[in-house]
Amino acid sequence: MLLTITPQRVIHLTISLLQFVSVGLGCFALGLQNSWGNGAPPDSLPRYRAIVKEVRAFPRENFTQGLEISEGKLYVSSGLYGQSAVRVYDWGDMTLAREAALAPRFFAEGLTRIEDRLYVLTWREGRLLILDPLSLEIRAAMSYQGEGWGLTHHSRSLWLSDGSDRLIRIDLPKDAPQEISQATTAQNEPTISVIRVTLDGKPLRRLNELEWVDGEIWANVWQQDTIARIDPSSGRVVGLIDASNLLQPEDRLRDTDVLNGIARDPETGKIWVTGKRWPKIFQIVLEATD
Ligand SMILES: [Ca+2]
């Protein structure tokens, strides 16, 4: 079933937005250099290589920005203006269960599901959309300043990346509004905090798709085949995963883009990764490389 979230619908939503998040991210100048310069990461840092254990077909149409497994479904947000969509697949056989196109002015970014809400981030539109995870209808939205890149959660805390070295934690109140018609009060405003992610004491920028993995946050580093394992209490990178060479040359087309998308299967604990316009999704395990 294809649901189209029309521009009219979005305009209505943005007018009715719950203005309870003003994160004050600001526009952040992206670091244009490799965070550890052109050299190798520091030797003291544990490093791993991603070893492929299983491969499944993955629809190449996804310009993957968000990836999460929840209650037997694989949730994917796919980006680009005019093409952004949220797709839900039956994780067992990757059958498309539901799809919703976003209005052309939205560039979908990360997504994460908490109970009966699916949070979908947008890139430069300042909107965190809240969808019904079954119908994919928009129920509410939060506004924020700055860019949205990756999104994950732990318990009732959202974790957001914005392409910089920052991770923004949004602690959701238990009685947050369920619908756009419900008012936000001082009592149910979320609490915002920010941590800076560091690698060997230096900022690690370009943090992109996120996943909460056993007390750590794993983050794709944009335009690198690297996944950083981050201690969310300190922001310190506690390990680096080399995820290069997953997608073989014969599987690449001209529009095949970078590694992006980490999902932990909550039933098996297995980690799956994919990329933008990748035809496959890979279950990986880590092998220490000293
Ligand atoms: Ca994820």
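Leaving aside neighbours within four places in sequence, which residues is Y119 in contact with? They are L111, T112, I114, L128, I130, L151 and L158, where contact means that the C-beta atoms of two residues, placed from the backbone, lie within 7 Å.

## Basis of the model

This is a predicted model, in which local features need pLDDT of at least 70 and side-chain atom pairs count only at pLDDT 80 or more, while totals for chains, interfaces and linings use all residues. Residues are numbered from 1 along each chain as its sequence is written.

## Overall make-up

The protein chain has one helix and 24 strands. Helices (H or I, at least four residues) and strands (E, at least two) are DSSP runs, numbered from the N terminus. Of the 290 residues in the protein chain, 42% are buried. A residue is buried if 20 or more other C-beta atoms lie within 10 Å of its own, exposed if 12 or fewer, and partly exposed in between, with C-beta atoms placed from the backbone.

Among contacts between residues at least 6 apart in sequence, 57% join residues at least 24 apart. The largest nonpolar core has 70 residues. A nonpolar core is a set of buried Ala, Val, Leu, Ile, Met, Phe, Trp, Tyr and Cys residues joined through C-beta atoms within 7 Å. Y119, V120, A219 and V273 have the most contacts inside this core.

## The sheet from β8 to β11

Four strands form an open sheet in the order β8-β9-β10-β11, with antiparallel pairing. Strands β8 (108–114) and β11 (138–143) stand at the edges; each has a single partner strand, so one side of each is left without a neighbour in the sheet. From one strand to the next the twist averages 20 degrees, with axes being lines fitted to C-alpha atoms (for helices over the stretch in contact) and angles running from 0 to 180 degrees between N-to-C directions.

Two strands pair if DSSP finds at least two bridges between them. Strand β8 pairs with β9 (residues 117–122) in the antiparallel sense over five bridges, and A108 stands opposite T122 in β9.

## Strands β5, β6 and β7

Strand β6 has an antiparallel partner in β5, joined to it by six bridges. K73 has D90 in β6 as its bridge partner. Six bridges also join β6 to β7 (residues 95–101), again antiparallel, and here Y89 has L96 in β7 as its bridge partner. Five of the six residues of β6 are buried, leaving the strand mostly covered.

The hairpin of β5 and β6 has six residues between the strands, and L80 there takes a positive phi near 85 degrees. In the hairpin of β6 and β7, with four residues between the strands, M94 takes a positive phi near 60 degrees. Y81 lies in the loop between β5 (73–78) and β6 (85–90). Y81 is partly exposed, with 15 other C-beta atoms within 10 Å. Leaving aside neighbours within four places in sequence, Y81 is in contact with P104 and F107. Y81 and F107 are 26 residues apart in sequence, and their C-alpha atoms are 5.0 Å apart in space.

## Strand β3 and its partners

Strand β3 (residues 47–57) runs parallel to β21 (residues 237–242), joined by three bridges. With β24 (residues 280–288), β3 pairs in the antiparallel sense over nine bridges. Y48 stands opposite I241 in β21 and opposite A288 in β24.

Strand β21 also pairs with β20 (residues 226–230), in the antiparallel sense over five bridges. The bridge partner of T226 in β21 is D242. The hairpin of β20 and β21 has six residues between the strands, and G235 in this hairpin takes a positive phi near 85 degrees.
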